[in-house]
Amino acid sequence: MNNGNDGLDIISGLMRQGPLLVFALQSEAAGEFDQYNPLIVGIGKVNAAYHLTRYLQQNRPALILNLGSAGSHTFARGEVVCCTQFIQRDMDVRGLGFRLYETPLSGEEPVLQYGLSVPGLPQGICGTGDSFEMDHKTDDYNVIDMEAYPLALIARKEGIPFLCLKYISDGADGNAAEDWQVLVHHAAVAFKKIIGNWLENAGVPA
């Protein structure tokens, strides 16, 4: 897949062939996408990897579309960001001489670059880890979530196009927990405004 191709015609074509919508939580989908049989994987990297891998054992979608909430100290709350680069923010084996975020002996670079971009949406670098970030200080990544990295990695290894859209629900700061609980419920409406027409125009079966 050409990672730099940001044509809407590419995305529309993949939508027509059959996308898989992936959410971590039902609250992020909020009933807006039930007719498209979304895959709800649960919270965290292990759950995301397990449920997507299990799904792919019997199905091969034309596109994996990850939709979810995320924190950011760069983008505004309520903004939707398209992520095309991914980091395991809790992978740190520098004590054994490896680079920060590098998975030892994997052959993978610390920053995974994979995914389609959407014209008109800001692009972000997503830091995925098994913690709810409330004191984000690094500029290595500007979007914080708990599932996207393994989804992107599996999609790349399987040769399946990947599109990742994150709704900024909090600032990954001291108010993150309170902000997330309020704003997460608005994510589905924001996503529907962006991809709803694609799904309808593509005639994706309910």
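This is a predicted model: local features need pLDDT of at least 70, side-chain atom pairs count only at pLDDT 80 or more; totals for chains, interfaces and linings use all residues.
Modeller: Residues are numbered from 1 along each chain as its sequence is written, and side-chain values use heavy atoms, with hydrogens and water left out.

Colleague: Why is Thr128 called buried?

Modeller: Buried means under 20% relative accessible area, exposed over 50%, and partly exposed in between, with a 1.4 Å probe and protein chains only. Thr128 has 0% relative accessibility, so Thr128 counts as buried.

Colleague: What makes β8 mostly covered?

Modeller: Nine of the nine residues in strand β8 (residues 162-170) are buried. A strand here is a DSSP run of E, at least two residues, numbered from the N terminus.

Colleague: How do you know that β3 and β8 pair?

Modeller: Pairing requires at least two DSSP bridges between two strands. Strand β3 (residues 63-71) and β8 have eight, in the parallel sense; Asn66 has Cys164 as its bridge partner in β8. Strand β4 (residues 80-88) and β8 have four, in the antiparallel sense, and there Cys82 has Leu165 as its bridge partner.

Colleague: What makes the link between the side chains of Thr128 and Asp145 a polar contact?

Modeller: The definition asks for a pair of N or O atoms within 3.5 Å; within protein, one must be able to donate a hydrogen and the other to accept it, and residues adjacent in sequence count only if both atoms are side-chain atoms. The Thr128 and Asp145 side chains make such a contact at 2.6 Å. The side chain of Thr128 also reaches the backbone nitrogen of Tyr149 at 3.0 Å.
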